[in-house]
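Visitor: Hi! I'm new to reading protein structures. Could you walk me through one?

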Amino acid sequence: MSDIPLPPASLRPAAAARRFRAPTDEAPATRLVLILLAVLGLGVLVLAPLATVFAEALAQGIGAAVESLSDPQAWSAIWLTLLVAAIAVPLNAVFGIAAAWAITKFDFRGKAFLITLIDLPFSVSPVVAGLCIVLTFGANSLIGGWLVAHGFPIVFALPGIVLATMFVTFPFVARELIPVMIEQGRAEEEAALTLGASGWRVFRTVTLPNIRWALLYGVLLCNARAMGEFGAVAVVSGKIRGQTATMPITIEMLYNEYMSVAAFSMAALLAFLGLVTLMIKTTLEIRHADQLAAQRRH
Amino acid sequence: MMRRPFVQQSPMPGFGLAMGITMTMLSVVVLLPIGALLLKGADFGLANIWATVNRERVWKALWLSFRLSFMAALFNLVFGVLLAWVLARYRFPGRRLLDAAVDLPFALPTAVAGIALTALYAPNGVFGSVLADAGVKVAYTRWGILVALVFVGLPFVTRTVQPVIEEIDREVEEASATLGASRLHTLRHVILPMLTPAALTGFALALARAVGEYGSVIFIAGNIPLVTEIAPLLIVIQLEEYNYDAAAAIGIAMLLISFAMLLAINLIQIWSRRRIGYV
């Protein structure tokens, strides 16, 4: 095409001299308005609240914020939140891997129903989830009564908080892994089996490397929600200061006592943890887009 | 005729172990607790459940929760599709940052969002003071609840629609333009139908999230009975009075309405997918 000489500029029609706009593009003005709407909307709805958290935490200077976080009760809340996440997230990761393995590597009856059951916690309110845990394991229930009699209380104690957290984060890892493992199929594992590898070795050396980024992605989402869960934990924890008050619960208690700086300082710490999670997640999405389900989920 | 076996033969190992872990954890964490709620309801009796739910305070709270959740999800549907379009189609400085910011509501814990929104929209807050001058009150009113519900549901529609837009074949739009359709006509009759199933999925997720939302709402709502009291809060109030029967009754009512709504949306989705022949 390039060897056809163009007519001199003076002979070209005026319209062609303007920038070419494909018929599948919007007018530049429309484009600008849409971009501005998106930026303004996200700024007002999402970025302004985020900025408020840090502004309120630092309202009386950084010293006051740090001091409020070094309170022993604050420490116990931070420790408890990390402990709950450290128990609930690995358990959910094990569940997610097992469920994805069973669902994607085998054909069995009722598979669709099983997937629906795994997704169930998404459509249950966290408060209702907490209520369910209280009704199952509370001191008045059959199971809970027996456990309390044997010195192992669940509700208003650590196991209850872990269970409530696991309930609300239950589908996260499985949902990330299932689409990725469906796409990768079974051929590589079958080849490894033919070559005489044991089942465990196939999983460790063939499947795991293939799904590691999707697994990390699911674990990150699960962890972010686990550390921030409020509704379900509020119901099962009993909100005992220094014992069963997680970081979100402590934020509520401080806020209701009008200790604004202390509440927002702890909120800022949680928000910071959330931002770190978001940064790792975004990096994963850019680097390993080919292996993540998030881009294809609908 | 031979009965079809439960699981088809496969050379792959570990079905028993994987299925065992899956079913055990699913039962202990999800099924047993939900079963306990339903059992409690059955024990309490249908008549008693109805008597508990059929009070003005409960009806008002349920109606408020579902109505505001619907409005918030509707707003997120429109804004979410716009956002997805801008992020998928346009290239401009700061796009990556904007893309990451969409996920902020997932990353920020609800209690954090709740106190931040309250501080922002309270009469002495940055937005609240401006709005107060205009005679609009947001914090401690229904508008405040709506703001919180919009916040928590914001990413869903964008995240489901964005990959679909990225996969649309430009040739479809070019064909439409070649045949003389205006850009608006193409968007309305060619692009929009392709986005509908994904947008509805996002809408359903945002709606389900908003209906059950508790943490971000209770701070900004003011929690005035009959006016700004949401349904999940009623459950918490009953639990604080150790009234487990009433809490279970309201919990069951919420579960039933949520499932009915999700079922309706699923049916609409199946219909819209079939209509455009897209699986």
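Visitor: How many helices and strands does chain B have?
Guide: Chain B has 13 helices and 0 strands. Do keep in mind that this is a predicted model.

Visitor: What pattern does chain B follow along the sequence?
Guide: Reading along the sequence, you get α-α-α-α-α-α-α-α-α-α-α-α-α for chain B.

Visitor: And what box do the C-alpha atoms of chain B fill?
Guide: Taken along the principal axes, that box is roughly 80 × 65 × 30 Å.

Visitor: Let's look at two helices in there. How do H12 and H13 of chain B cross?
Guide: Helix H12 (residues 231-240) and helix H13 (residues 244-275) of chain B have axes that come within 8 Å and cross at roughly 160°. Because of that angle, H12(B) is roughly antiparallel to H13(B). Their crossing is left-handed.

Visitor: Which residues make that contact?
Guide: From H12(B) you have Ala231(B), Leu234(B), Ile235(B), Gln238(B) and Leu239(B). H13(B) brings in Ala246(B), Ala247(B), Ile250(B), Gly251(B) and Met254(B).

Visitor: What classes do those residues fall into?
Guide: The contact of H12(B) with H13(B) has 8 nonpolar and 2 polar residues, with no charged ones.

Visitor: OK, new topic: the two chains. How many residues does each one put into the contact?
Guide: Chain A gives 83 residues and chain B gives 82.

Visitor: Which helix gives the most on chain B's side?
Guide: That's helix H1 (residues 15-44) of chain B, with 15 residues on the side that touches chain A. By class, this side of chain B divides into 65 nonpolar, 11 polar and 6 charged residues.

Visitor: What does that make H2(A) relative to H6(B)?
Guide: Roughly perpendicular, because the angle of about 85° falls in the 65 to 115 degree range used for that word.

Visitor: Who's touching whom there?
Guide: On H2(A) the contact is made by Ala48(A), Pro49(A), Thr52(A), Val53(A) and Glu56(A). Facing them on H6(B) are Val112(B), Ala113(B), Ala116(B), Leu117(B), Ala119(B) and Leu120(B). Sorted by class, the contact of H2(A) with H6(B) has 9 nonpolar residues, 1 polar and 1 charged.

Visitor: How is chain A divided into domains?
Guide: Domain 1 covers 25-57 and domain 2 covers 62-296. Taken over C-alpha atoms, the centres of these two domains of chain A are separated by 30 Å. Their contact takes 5 residues from domain 1 of chain A and 8 residues from domain 2 of chain A. The domain 1 side of it divides into 4 nonpolar residues, no polar ones and 1 charged.

Visitor: What does UniProt list for chain A?
Guide: An unreviewed UniProt entry lists "transmembrane region" for several spans of chain A, including residues 32-55 and 113-139. In the model, residues 32-55 of chain A are 100% helix and 0% strand, with end C-alpha atoms 31 Å apart. Residues 113-139 of chain A are 70% helix and 0% strand, and their end C-alpha atoms are 32 Å apart.

Methods:
Residues numbered from 1 in each chain as written. Chains lettered and ligands numbered in written order. Predicted model: local features only at pLDDT ≥ 70, side-chain atom pairs only at ≥ 80, totals over all residues. Axes fitted to C-alpha atoms, helices over the stretch in contact; angles between N-to-C directions. Helix = DSSP H or I, 4+ residues; strand = E, 2+ residues; numbered from the N terminus. Parallel < 35°, antiparallel > 145°, perpendicular 65-115°, else oblique. Contact = placed C-beta atoms within 7 Å. Nonpolar A, V, L, I, M, F, W, Y, C, P; charged D, E, K, R; others polar. Left-handed = near helix turned anticlockwise from the far one by under 90°. Domains from an automatic or database assignment. UniProt positions renumbered as here; feature names shortened; annotations may be inferred.
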